[in-house]
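Please look over the model below before reading the points that follow.

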Amino acid sequence: QLQLVESGGGLVQPGGSLTLSCAASGFRLDYYDRGWFRQAPGKEREGVSCISSGGGGTNYADSVKGRFTISGDNNNNTMYLRMNNLKPEDTAVYYCAAGKSPYVCWDVPKEGEYDYWGQGTQVTVSS
């Protein structure tokens, strides 16, 4: 059974940092382009960042460039999102996802191009 499970969310003050994890089971995560999305209250889900299979390329939404870093740990079949200098507008439920088709990480990730999804983890940035 293919499964993605996010963890690492929580409450953090503005300017703080968090690292989200996405653990995969039932398949090799690094064989797929995979990414992070987020959905804030009352808004549509948006792509945050993605990393290509093999880790050769990454893309980031303009709103997180320079603050967020996506990475993978193939030994642990896990993907991470390191988030620095967090802002209140980063508050959202964060989801990890993987795409069956090749080269979906050609740009900022788009929801319709990803097939496997986790259940999400809440990130709240507030003082």
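1. Strand E4 covers residues 33–39, and six of its seven residues are buried. Buried means under 20% relative accessible area, exposed over 50%, and partly exposed in between, with a 1.4 Å probe and protein chains only. Strands (E, at least two residues) and helices (H or I, at least four) are DSSP runs, numbered from the N terminus.

2. The model is predicted: local features need pLDDT of at least 70 and side-chain atom pairs count only at pLDDT 80 or more, while totals for chains, interfaces and linings use all residues. Residues are numbered from 1 along each chain as its sequence is written, and side-chain values use heavy atoms, with hydrogens and water left out.

3. E4 runs antiparallel to strand E9 (residues 92–99), joined by seven bridges. E4 also pairs with strand E5 (residues 46–51), again antiparallel, over five bridges. Two strands pair if DSSP finds at least two bridges between them. Arg38 has a bridge partner on each side: Tyr94 in E9 and Glu46 in E5.

4. E4 and E5 form a hairpin with six residues between them. In the turn, Gly42 has a positive phi of about 75 degrees.

5. Asn77 sits in the loop between strands E7 (68–73) and E8 (78–83). Asn77 counts as buried because its relative accessibility is 15%.
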